[in-house]
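Hi,

Here is the structure I promised to pass along. Have a look at it first, and then read on for my notes.

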Amino acid sequence: MSVSSEKTGFSLTQEILSHLGLANKTAAWGTLGTLRTFLSFSVDKDVQRLLRAIAGQGVDRAAIVDVLTNRSREQRQLIAQAFQERTQQDLLKSLQAALSGHLERIVVALLQPAARVDAQDLRTALKDSGSAEDVAVEILATRTPPQLQECLAVYKHDFHVEAEEDIQSETSGTLRDLLLALAKGGRESYSEIIDYNLAEQDVQALKQAEGPSTEGTWVLILTQRNPEHLVRVFDQYQRRTGHELEHTVRNRFHGDAQTALLSLASVIRNTALYFADKLHQALQETEPNYRVLTRILISRSETDLLSIRTEFRKKFGRSLYSSLQDTVKGDCRPALLALCRAEDL
């Protein structure tokens, strides 16, 4: 399902409806991602097209973008494997040699396994004291339990150290405790049974956790309870206190701990809106934050980018596609637009 990166395409509703006919033909349907399994996939054709794109007199960036942004991550892995078998060359290294700048980083992220990309981003965030409360929380709080387990396994394999050890050595205080709790992946799974007593207990515990040495209560509740339960806790907390839980976080915590807890609360309330806010912020900087744009658009392209687009349009009054189109420059622009996929009218 190749889509021109410069074409505004369908509205969100039309785009969803256009895929409904595939529901009985493929397992690709069932997510709110913008990128799904390409039904007419031919690994041989894709390998030949990529070979022509990098072996000619000039690099055909449009062809590279068209192939890689119209295949699922699993299909891209098959392409890379076939490329290696047919040419005895590494596709990733070949493309890195042919490209540069932001487009090169996008292609690298597209071709690597998702867990490896997450592990690398997590490592960078932990080693950069200014981003642990941002990127590390994003990765640890928004990945599914299997995705998180795979990320941590790759982290240990690639960097020869447990992620928890780096968290211990690179962070401190409440932020360290929060990241360690998230890395353990001990959040309760969703249950259809509503435990009103537990919700009341959690509200009371958070109300009372305002003095010294009570940070652990916040960490425990926000990292162990399932999101559906926590949304009820948040609502009940506001009814009991007259203000949102985030208001208390801003008064109770400071610095990186406050930032991390506010981010976590945002993820719990509405994950799609959390990512929409991050994308908007990345586009509002003097120079677009291409690392943030690349990380989010790729990591969410096969899960919930349609929902993120909807929240972006609802909150900021214009589509994510138009915002990218107006702000992003250079040869990475078609790739990011292709991942976003279409205009929301």
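Which domains does the domain assignment of the protein give? There are three entries to find in the chain: domain 1 covers 43–111, domain 2 covers 114–269, and domain 3 covers 271–340. Please keep in mind that this is a predicted model. Taken over C-alpha atoms, the centres of domain 1 and domain 2 are 37 Å apart.

Now to the aromatic residues. Searching the whole structure turns up 4 aromatic pairs. One of them joins Trp-218 and Phe-253: the ring centres are 5.7 Å apart and the planes meet at 85°, so this pair counts as edge-to-face. The two partners come from distant parts of the chain, 35 residues apart. Trp-218 belongs to helix 13 (residues 215–224), while Phe-253 is in the loop between helix 15 (245–252) and helix 16 (255–269). Trp-218 and Phe-253 are both buried. Another edge-to-face pair is made by Tyr-274 and Phe-275, with 5.1 Å from centre to centre and 70° between the planes. Here, too, Tyr-274 is buried, as is Phe-275.

Phe-253 has a further neighbour to look at: Arg-252 lies over the face of its ring, 4.9 Å from the ring centre.

Is Asp-46 buried or exposed? Asp-46 has a relative accessible area of 4%, and because the cut-off for buried is under 20%, it counts as buried.

For Cys-340, the nearest cysteine sulfur is that of Cys-332, 14 Å away, and Cys-340 is in no disulfide. The cut-off for a disulfide is a pair of cysteine sulfur atoms within 2.5 Å. Cys-340 is buried, with a relative accessible area of 0%. Cys-151 is buried as well, its relative accessible area being 1%.

Happy to go through any of this with you.

Best wishes

Terms used. Residues are numbered from 1 along each chain as its sequence is written. This is a predicted model: local features need pLDDT of at least 70, side-chain atom pairs count only at pLDDT 80 or more; totals for chains, interfaces and linings use all residues. Side-chain values use heavy atoms; hydrogens and water are left out. Domain bounds come from an automatic or database domain assignment. Rings of Phe, Tyr and Trp (its six-membered ring) pair if their centres lie within 6.5 Å; planes under 30 degrees apart count as stacked, over 60 as edge-to-face and the rest as tilted. Helices (H or I, at least four residues) and strands (E, at least two) are DSSP runs, numbered from the N terminus. Buried means under 20% relative accessible area, exposed over 50%, partly exposed in between (1.4 Å probe, protein chains only). A charge sits over a ring if NZ of Lys or CZ of Arg is within 6 Å of the ring centre and within 35 degrees of the ring normal.
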